[in-house]
Amino acid sequence: MFTAAEYKSTVQERVNFGGNFRHFRYNSTELSLMPNADSLGQGNRDLQEAQGLFFEQWRAWLGVFEQTENSLPADAFKLGANWEISEDDGASWFGAFILKPPIRQPQWYECIFARFIADANLTVTYEVGQGTYSTIEGNQVEDTVPAQFTAVVSQQQRPTDLQLPGTPASAIYLEGYHISPKVAPTVNKQQKLSATLNGVAGEFVVLPTMQPPAGQSAGTGDVVKGVFVLKGV
């Protein structure tokens, strides 16, 4: 079993040979020794969520000594903790977060980091009530203004128990994450809303969706699920 000194020595050897070139920092505090870290590429968020395709991931072994020597709080090594990573010797940094509960070993924490890397491809327009009312044909109707939200989505297998009367069999089932705003706005569920998907005009039906626990949703907007119907179909 490694002692702290032996572990630090092996990490330093990897640094000297260029094996450890990624910098990590937490709340602007950079780790004193660049940790062992391997890229896991894109996809497979390991949460049994189709939306996992939108992530880039790394497995990093952060020395326990780093916590003491850099005065890092215990929260830095918990699910959902926000870190920054640099792959160009600290010239630029990007945000990442701990994707899964770290595995505590005697001399290091084994952590899976991830960052959200996708761009919005769905834009949905809906109406927001203003709290004022106008009389239209003798009826009091609430005044509204148009608003939009954007999301990144991908086509997934349609749930077998999904029943949406009035939507054609050709409707595309989508899952993804809100981009702007990140928090899901209040919209009428199961109502056709004007939308574009990858620039193609159509209508989007937002489905009721339970949000994952806070740690599992770190680094993303709220989950969005729904079906897209091409215009004129």
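Arg 25 counts as partly exposed, because its relative accessibility is 22%, where partly exposed is the range between buried (under 20% relative accessible area) and exposed (over 50%), with a 1.4 Å probe and protein chains only. The model is a predicted one, in which local features need pLDDT of at least 70 and side-chain atom pairs count only at pLDDT 80 or more, while totals for chains, interfaces and linings use all residues. Residues are numbered from 1 along each chain as its sequence is written, and side-chain values use heavy atoms, with hydrogens and water left out.

Arg 25 forms a salt bridge with Glu 84, with 2.7 Å between the closest N and O atoms; a salt bridge is a side-chain nitrogen of Lys or Arg within 4 Å of a carboxyl oxygen of Asp or Glu. Helices (H or I, at least four residues) and strands (E, at least two) are DSSP runs, numbered from the N terminus. Glu 84 is also partly exposed, at 26% relative accessibility.

By the salt-bridge rule, the count comes to six. Another of these pairs is Glu 56 with Arg 115, whose closest N and O atoms are 3.1 Å apart. Glu 56 belongs to strand β4 and Arg 115 to strand β8, so this pair ties together parts 59 residues apart in sequence. Glu 56 counts as buried because its relative accessibility is 16%, whereas Arg 115 is partly exposed, with a relative accessible area of 25%. Glu 110 and Arg 59 also meet in a salt bridge through their side chains, at 3.1 Å from N to O. This pair links distant parts of the chain, with Glu 110 in strand β8 and Arg 59 in strand β4, 51 residues apart. Arg 59 is partly exposed, at 28% relative accessibility.

The largest nonpolar core has 20 residues. A nonpolar core is a set of buried Ala, Val, Leu, Ile, Met, Phe, Trp, Tyr and Cys residues joined through side-chain atoms within 4.5 Å. The residues with the most contacts inside this core are Phe 24, Leu 62, Leu 72, Phe 77, Trp 83, Ile 85 and Phe 113. At least two core residues come from each of β1 (23-26), β4 (55-63), β5 (82-86), β6 (94-98) and β8 (108-116). A second, separate core of 15 residues includes Val 124, Tyr 126, Ala 195 and Val 224.

Neighbours within four places in sequence aside, Leu 72 is in contact (heavy atoms within 4.5 Å) with Tyr 26, Thr 29, Leu 31, Glu 66, Gln 67, Phe 77 and Trp 83. Gln 67 is found in helix α2 (residues 64-69) and counts as buried, at 17% relative accessibility. With neighbours within four places again left aside, the contacts of Gln 67 are Leu 72, Pro 73, Ala 74, Phe 77 and Tyr 109. The side chains of Gln 67 and Tyr 109 are joined by a polar contact of 2.8 Å. A polar contact is a pair of N or O atoms within 3.5 Å; within protein, one must be able to donate a hydrogen and the other to accept it, and residues adjacent in sequence count only if both atoms are side-chain atoms.

Six strands form a closed barrel in the order β9-β10-β11-β14-β13-β12, with antiparallel pairing. Two strands pair if DSSP finds at least two bridges between them. The twist averages 45 degrees from one strand to the next, with axes taken as lines fitted to C-alpha atoms, for helices over the stretch in contact, and angles running from 0 to 180 degrees between N-to-C directions. Strand β9 (residues 122-136) is joined to strand β12 (residues 192-197) by three bridges, and the two run antiparallel. Here Thr 123 stands opposite Thr 196 in β12.

Strand β10 (residues 139-155) pairs with strand β11 (residues 172-180) over six bridges in the antiparallel sense, and Gln 155 stands opposite Leu 174 in β11. Six bridges also join β11 to strand β14 (residues 223-230), in an antiparallel arrangement, with Leu 174 opposite Gly 226 in β14. Ser 180 is likewise found in strand β11 and counts as partly exposed, at 45% relative accessibility. Residues up to four places away in sequence not counted, Ser 180 touches Gln 148, Phe 149 and Thr 150.
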